[in-house]
Amino acid sequence: MNLVRTITEVSERIVETPSTVTLRFRFPPPAAPGQFVMIWIPGDDELPMSLSYTGDPKGVTIKAMGSSSRGALSIADGTLVGIRGPYGNRFDLSPSRVLLVGGGSGTAVLAPAAEAAARKGSRIVAALGATTGAELLFEDRLRAIAESVEVATDDGSVGHHGYVTDVSRRLLSEQSFDAVWTCGPEVMMQKVIAAALPRQIPVFCSMERQMKCAMGMCDACALGPYHVCTDGPVFPSHQLTALPEFGRTKRDSSGRRVPL
Amino acid sequence: MADLRTTVAGLPFRNPLWLASGIWGESGNSLKGAWDAGAGGVVTKSIGSQPRMGYPNPTIETYEKWGMLNAMGLPNPGIDEYPQEIAVARAAGAAVIGSVFGADADEFATLAARMAATGVVALELNLSCPHAKGLGSEIGQDPDQVRDVVRAVKRAVRIPVIAKITPNHFDPASLAAAAESAGADAISAINTIRALSIDVQLRRPVLANGLGGLSGPAIKPVGLACVWQIFDRVKIPIVGVGGIQQPDDVLEYVLAGARAVELGTAVAFEGIGVFSRLARELSQRLDTLQVSRIEELVGAAHTVSARS
């Protein structure tokens, strides 16, 4: 575990969609797809972010949600940020045929996993969802390596008019897969699991919880008996479906259970 | 195998290795996890009257080997929500010590009574958080306030009361003596040492709160000195805290006068497996030293004979 924070420059800032920005930076410690870093925006917050680029330069892709992530969106090239990590576990890249299901900015952590698996010879099929066409993340990046990419939008502006889970359910019924990797809203991931389970296809979910220390100490990211920072963030579905809070509640900064 | 069982304030513990407050203790599942991993007792996060979000990140700064700084800011779900978490840990059979913090004697007493009602075996009073305004060590560095708080809590509960003492004072033993005079059943020492880290490139403190508390191996000698001096000053049992990672760290604290110890930073550095490893290695170490019961060593480094 890399314990010490490194101060580094944002080498490039890329606007991916109207609400998401990628920040690239030099950060030498080796990282694997699925892992995350804590990125400190001096004067603002320090946020847990899955790596959307695990090579050099590394990168994170941030969606404007809270005030802190909005602050992170506005930082310019050359800004100094603090990085520590990488933390957490990784996607198992061995399955030979993988279905990706990405909801919104959840695709950020799936893209590097898909690229790494494709390099090793895995065949990738991707289903991406977003509120509207302009918000689809990393579609081109995935088209470059995937056998096929299908999209769904809430407003029907591009692709299937409806949920990405409609698309993934169909793909699961039409084709065979060795594994499903998913990241997005928990209700979406629950639906993905529900469709894959009867076919006995293992599903791996990248989870998000409030994080403070990121090293298995402070308990902020407690999820049932797990800590998302050290036991995750990638969880096999059977660990999640056993938890009453999965898809229902999270803990706020005080540790109180609140609805998702 | 040497006997690691210990008693503190009349309470039996299966081993002297407790989970320190602030580590893993926000959720009941994590308290249970620490107990299942072999902790002899588990101290909760410090709980207050209201839910408290704590400070913004960065809340920690870690050093490669010698420890870490933190300013979490006492985040906790509040006493209304917390009993359900304790219930999870108690259902697993855990010996739970409930930690509480307040702004004055009345608030401490009210919280203590509610915490005691959850079925915890003992209370630990946080008189020592070094970075919370109007709380923790701001109260705990005044012997009169320590006395008032402990006295009010002792009136409110029947279970043993442990006062956790700050090292950020010229004479921490005087704080322990004040707690004892008000009826405290045990002392735990030490909490973190007030500390600061500045990033030179950014020319600003790293922690969002600025000041934080230092923990880990760097503070072990300080913790030991406090326990040593407290042992000379009070008759009630002492729980040693600060920088414990190895069997001999535990034994140093015990020889200085501790009947149990708490582990915090070691959990972050090594993982929760530290409890079973340390229990195993501690027992082996005692065998090597031809000591059959760890309790034989309590305070043995003092010239005076060990007290029970």
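Analyst: Helices and strands are DSSP runs here, a helix having at least four residues and a strand at least two, numbered from the N terminus. The model itself is predicted.

User: Why is B:W24 called buried?
Analyst: Its relative accessible area is 11%. Buried means under 20%, so B:W24 qualifies. Its backbone also stands out: phi is near 60°, a positive value in a residue other than glycine.

User: What makes A:A214 buried?
Analyst: The relative accessible area of A:A214 is 1%. That is under the 20% cut-off, so the label is buried. A:A214 sits in the loop between β12 (203–206) and β13 (222–223) of chain A. Its phi is positive, about 70°, although the residue is not a glycine.

User: Which residues are joined by cis peptide bonds?
Analyst: In chain A, such a bond joins A:G85 and A:P86, with omega about -10°. A:P86 belongs to strand β6 (residues 80–87) of chain A. In chain B, a cis bond joins B:A189 and B:I190, with omega about 15°. B:I190 falls in the loop between β10 and β11 of chain B.

User: How do you know that both faces of β10(B) are covered?
Analyst: Look at the residues on each side of this strand, residues 186–189. B:A186 and B:S188 point one way, B:I187 and B:A189 the other, and all are buried. In a regular strand the side chains alternate between the two faces of the sheet.

User: What makes β9(B) and β10(B) a pair?
Analyst: Bridges do. There are 4 bridges between β9 (residues 161–165) and β10 of chain B. Pairing takes at least two, so the strands pair. They run parallel. B:I162 stands opposite B:A186.

User: How do you know that β10(B) also pairs with β15(B)?
Analyst: They share 3 bridges and run parallel; β15 covers residues 238–241 of chain B. At least two are needed, so this too is a pair. B:I187 has B:I238 as its bridge partner.

User: Which closed barrel do these strands belong to?
Analyst: A barrel of 8 strands, in the order β3-β4-β7-β8-β9-β10-β15-β16 of chain B, with parallel pairing. Its twist averages 25° from one strand to the next. Helix α5 (residues 143–156) of chain B lies across β8 and β9. Helix α8 of chain B lies across β3, β15 and β16.

User: Why does B:R233 count as partly exposed?
Analyst: Its relative accessibility is 42%. Buried is under 20% and exposed over 50%, so B:R233 lands in between. B:R233 lies in helix α7 of chain B.

User: What makes the pair B:R233 and B:D171 a polar contact?
Analyst: Their side chains come to 3.4 Å. The limit is 3.5 Å, so the distance is within the cut-off. B:R233 also touches B:A173, B:S174, B:A177 and B:E180.

User: Why do β5(B) and β11(B) stand at the edges?
Analyst: The sheet is open, with 4 strands in the order β5-β6-β14-β11 of chain B and antiparallel pairing. β5 and β11 each have a single partner strand, so one side of each lacks a neighbour in the sheet. β11(B) pairs with β14(B) over 3 bridges. There, B:A195 stands opposite B:G212.

User: Why is B:S215 called buried?
Analyst: B:S215, in strand β14 of chain B, has a relative accessible area of 11%. That is under 20%, so B:S215 is buried. Its side chain makes a polar contact with that of B:T265 at 2.6 Å. Other residues in contact with B:S215 include B:W66, B:M68 and B:T192.

Notes: Residues are numbered from 1 along each chain as its sequence is written. Chains are lettered from A and ligands numbered from 1 in the order in which they are written. This is a predicted model: local features need pLDDT of at least 70, side-chain atom pairs count only at pLDDT 80 or more; totals for chains, interfaces and linings use all residues. Side-chain values use heavy atoms; hydrogens and water are left out. Buried means under 20% relative accessible area, exposed over 50%, partly exposed in between (1.4 Å probe, protein chains only). A polar contact is a pair of N or O atoms within 3.5 Å; within protein, one must be able to donate a hydrogen and the other to accept it, and residues adjacent in sequence count only if both atoms are side-chain atoms. Contact means heavy atoms within 4.5 Å. Axes are lines fitted to C-alpha atoms, for helices over the stretch in contact, and angles run from 0 to 180 degrees between N-to-C directions. Lists of a residue's contacts leave out its neighbours within four places in sequence.
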